[in-house]
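Please read the following walk through the model with the structure open beside the text.

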Amino acid sequence: MNAMLNNLASGAWGGFWMPPEGSAMAGEVDWLFFFIYWICVFFFLLVLVLLVAFAWKYRYREGQPMLDAPKHNTALELTWTFIPTLIVIVIFFYGFKGYMHLAVPPPDAYEVDVTARMWSYSFRYPNGEQSNELHIPVNTPVVFVLTSDDVIHGFYLPLFRVKKDIVPGRYNKIWVQATSLGTSDIFCTQYCGQDHSSMRNHVVVESRADFVEWLGKLGGGGLPPVQRGKYLWETRGCQQCHSTDGAATGKAPTWKDLFMSPVQTMDGMHMADEDYLHEVITHPNIHPIAGFQPIMPPTEGLLNEKDVGDIIAYIKSISKNYHPALPAATGPTTGPSK
Amino acid sequence: MSTASTEVSAHSHAHGPGHHDPHLAHHFDTPEQQFTSAKLGMWIFLGTEILMFGGLFCAYSIYRHNHPLVFKFAAEAYLSTKWGAINTVILITSSLTMAWGVRAAQLNQKKLLISCLVMTLMGAAGFLGVKTIEYSAKWDEHVWVGSWNKYNGDNDASYATPPPAQPTTQPAIQIPVPAYSPTAIADDANTGLDVSQIKPRYAYSFNQSIQLAPPKRASDAKPTDEEQRDERYRQLSASDQWRVNTFFSCYFLMTGLHGIHVIVGMGLISWILMRTLRNDFSSEYFTPVDLVGLYWHLVDLIWIFLFPLLYLIH
Amino acid sequence: MSIAEYQSQKKPKVDNYLTHNRGFLSWALTLDHKRIGLLYMMFVLSAFLLGGTFAVLLRTSLLTPNHWMFPSDPAHDTQAKLFYNNMFSLHGAVMVFMFIIPAIPAILGNFMLPMMLGAKDVAFPRLNLMSFYIYCLGAILFTWILMGGILRTAFNIHLPFGFGLDTGWTFYTPFSTSKAEDGMVAGVLGAFILGFSSILTGVNFIASIHTLRPRGMTWFRMPLFLWALYATSIIQVLATPVLAITLLLLIAERLLHVGIFDSSLGGDPVLFQHFFWFYSHPAVYIMILPGMGVISEVISVHSRKHIFGYNFIALSSVALALLGFLVWGHHLFVAGQSNLVDSIFSLLTFSVAIPSAVKVFNWLGTLYRGSIRFTPAMLFAMGFILLFTIGGLTGLFLGALATDVPLHDTYFVIAHFHYVMVGSMVFAFLAGMYHWFPKMFGKMCNPAWGRFAAILLFIGFNTTFFPQFVMGAHGSPRRWATYPVEFQPYHVISTIGSYIMAISLITVALNWLAGLLWGKKAPANPWGGNSLEWHCPSPPPYDNFPTPPVVDDPYNLAAWEYDASIEGWVPRKSQPAAATGPAANRTRPVTH
């Protein structure tokens, strides 16, 4: 109850009907909402007043004669057919206009890929980084490209008045342009099973500068190379086949003690130094190893040079053959550590 | 609208020719009214049947419109126009014999009615026999419905269609794309349905053997039918290859539902036959024969639409 | 019928359809449309009780943001959510398929249609009985599956084949085909079977209205209830088969993996939605049209006035039936249809609002200069007019694309459809039951309790559902088992309203029971209607009319006058001369 009262007091709840407006589009939608609303109020009051007035005036009283009345009146009936028709055409027109604004993103909008699965969202930004949080810059058109990994979900941002279903096997798009800073809700609107109610998230609207800073910190960008290498091992799929504790997965060689150990490949013997590691990471299966299928997926576009360097740093750090002078590992890349 | 009461009675108690007619139900005034009512009811019911099949025809149209080459390939490779045409002739003939039978019932020709009904039944049985031949041929070729279809993505012992190809920087060996890859997603411009390459549900897993490129044949060996078919299959685009299963779903659902209606029709005709043998029908009362005849004509009509849509795709 | 014959009703030994023959088989194998109507009533009202109980349970569960009915630890958390998901699926599926769609056609329609036609039965009595048994079969299967899920998730009781359904009544793919609990196939089969009952009833009614109309009853001399049933039957016959094939395809998808709706096998999940709503949108007109027909009858008879604008009302029923087939895409506005398709469906959706508006104004026109009696039936009918106005007007928000985008799949939609399905349809059903109760059972209900129940239900209904409009506009999605705490006040008000509704509906049930057991004997025409069902005794004899009734304008209420000695209406002895010329359009002034 307290939370609710705080909400009301701070204005975060919005008006009686609608939440606060988070975007310019929200204003347009709310205008139409209240346009329709007042038309509805008018007609409802009309019906209510007529009903109550007739019920009172024409209630049965013993001995009271009934008055003469027509059984139909074509002119009247046509009138109350045509006037509603005109009204709904007007409503349709405004609804259509507003919808086209909502539905067609500007061509230069900032693109965020949204992937929904039971029961969470994940967001991928243009720099390739992935996050479970949605941050967008203020006053910038942002288009969301929506897809699902399993069943149909919904993507609803109440403060922006946008919503679209997220359908597996296709891409749906919606766009927003936030006009004020703050955090607001993301709700899933399409029933998707047990935890549908918990499938909620937040969208954080920040200034451009803050947004860029946050984006830079994604993907472990703030981590030192060894830790970042480990992070990449976990999140880029290397973990599926390469173990780091010496366990034999049967799918790929373990990384433990790999650095500076001899590797027997089908085209000769190699020493697993930085050059070798760099080559086999960026050109998978180029040196097939006996006993393993050449199943390593391509990494082009998946790992940039900094990523490769950080992975090599990590591989070095778990090898008994690596004796750095200093505890901090360095890889063959540079790059500002934020 | 007149407000005066009319002096007409709601229902007359006149006793016409149907007087004490054992077939006249108590709520009808005359046998003609009852017959008209029954026929109207039957036509409405046939309308519902058309709408039910309509849903299937609609699904067929959508998928065929979006993937015409898939349907062309599958129909040419796996459906025998010969058997389809034979079935069409059988069913049309059985419709003829059925209509003839209704006429015979109208004219009180019991023997003719019996032979017409028997011939219709034989036609129906022949139809089902041909369908059995076709269905078992499909079973042998592993192209049944759903998971029993070698083109179905669910099928682990798959025909191992390589998944949709990656962009050009690929070694000759096809490898599945990991689930998290942000690489370019092929946009299927025809349909607006994008093939999401990040789907892990291909007939493929890390533990399976790699499907290599087709083995080279000696250049002067004539390709077998199966090899020709596989060759045409490989010529389909990646997203089309993935959808051949849809054709078979349409085929089996449509012909299957139709086959069920043929079986039900056989049951109804047998029932009419039994009643004929019991002398239930005469020129004054042959309504059930008429109604079952209407049903049978509908079953035939549906097949006449199914045949060109499924078998005659060019 | 003469006064003497009416008064002879007071003799104790009357042979009517209830007493005509006795024994279980005489009911189980009856071909009498009236008995079949009562058999349907037992099952349909039980379905209402089941669906309603779960509605109250649902609302109770939503009193707090975190399903307080279960202990709050992780294991119970899962159980609570599964229970909620099964509950709302059961509520929706039972109410839609087992209650609303059959309610008025199968109960009041079966009972009144032949009598309004002056006939002895429907066109196909055996088909009618078969429809009933198909309904029973589907209902039992459906209930078993759904309750099995409830018992399992709430109490860990495992019924054999008690699989449960947690997809919602809309069975959207791919959730229903790949993730839902196993009961999905059997549940869908139950719905499939129930659909056939609906189709066969529709066939029966269309044939009856075409072929059993008596001489003198042209199409435009039929009571409007028959127009409504006719339009409803057209929809039943054309739309339900599409549901049948959709459900079959759903079963094929689930069992055989044909890949028609599953995107990973080449199918399209949105295609399912198109197929499903192609039936389910017309289905909502199956639900509301008979209710509108009842209201036309009740408003006219209980205000002693000829219906205003008969032609417009009759034609708007048919218009609604036909236009209703063109608007299904508005359920898919945010599903990913193209903008062009969205726009077309939006425009068509608005067209469907017009016939409904016409009817509301015509009903108000009927009340004008009437002589209104505030019987329970009339109170429910007036409630209908107000609530249907709100329900219909809120549809405008949802038909307009720009406002639909934020409101789609929120509590706003839930409130909208409950206003039309409960506020309108249930009110109409109750109005019809009160209106025809004396005819069906030969007893009168206590009107004071009936009026009380009507007013209480009106209050309870608005308390329950109006806050949901606000909640939805503020962003609360539907089908939520738990919710952010900010929405709690709305949920609490809504739940309190649901308890008020429950009390009022229990009052109605007790009112009817008391009427059955201890009610005053009903005259043949307690309200003074002129359609043909009032021209026979209450309850009717086995074959409806001891003497064939005379066909007249069904709204010529001036043909009856009140007889206080029997507390009912009798034919007016001195009929005024038939009106012709300009005066023919006027109702004749009468003292009652």
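A crossing of two helices is called right-handed if the near helix is turned clockwise from the far one by less than a right angle, and left-handed if it is turned anticlockwise. With that convention in hand, one can turn to chain B of this predicted model, whose secondary structure comes to 8 helices and 0 strands, so that its pattern along the sequence reads α-α-α-α-α-α-α-α. Buried residues account for 47% of the 314 residues in chain B, and, among its contacts between residues at least 6 apart in sequence, 77% join residues at least 24 apart.

One pair of helices in this chain can be followed in detail. Two packed helices are described by the angle between their axes and the distance between the axes. For helix H2 (residues 68-78) of chain B and helix H7 (residues 244-277) of chain B, the axes come within 9 Å and cross at roughly 65 degrees, and the crossing is right-handed. On the side of H2(B), the contact is made by B:Val70, B:Phe71, B:Phe73, B:Ala74, B:Ala75 and B:Tyr78, while H7(B) contributes B:Val244, B:Phe247, B:Phe248 and B:Cys250.

In helix H6 (residues 274-282) of chain A, the buried residues are A:Tyr276, A:Leu277, A:Val280 and A:Ile281. Because these buried residues fall within an arc of 125 degrees when seen down the axis of H6(A), they line one face of the helix. An α-helix has 3.6 residues a turn, so residues three or four places apart point the same way. The cover over the buried residues of H6(A) includes strand S11 (262-265), strand S12 (268-271) and helix H7 (305-317) of chain A.

C:Phe361, C:Arg369 and C:His474 supply 8% of the area that chain C buries against chain A, more than any other three residues.

A residue that touches both chains is C:Asn362, which lies in helix H11 (residues 339-367) of chain C. Leaving aside residues up to four places away in sequence, C:Asn362 touches A:Glu77 and A:Trp80 from chain A, together with C:Phe308, C:Gly309, C:Phe312 and C:Ile313 from chain C. C:Asn362 counts as buried because its relative accessible area is 0%, where buried means under 20%.

Methods:
Residues are numbered from 1 along each chain as its sequence is written. Chains are lettered from A and ligands numbered from 1 in the order in which they are written. This is a predicted model: local features need pLDDT of at least 70, side-chain atom pairs count only at pLDDT 80 or more; totals for chains, interfaces and linings use all residues. Side-chain values use heavy atoms; hydrogens and water are left out. Axes are lines fitted to C-alpha atoms, for helices over the stretch in contact, and angles run from 0 to 180 degrees between N-to-C directions. Helices (H or I, at least four residues) and strands (E, at least two) are DSSP runs, numbered from the N terminus. Contact means heavy atoms within 4.5 Å. Buried means under 20% relative accessible area, exposed over 50%, partly exposed in between (1.4 Å probe, protein chains only). The arc is that of the directions from the helix axis to the C-beta atoms. Buried area is the accessible area (1.4 Å probe) that two parts lose on being put together, summed over both.
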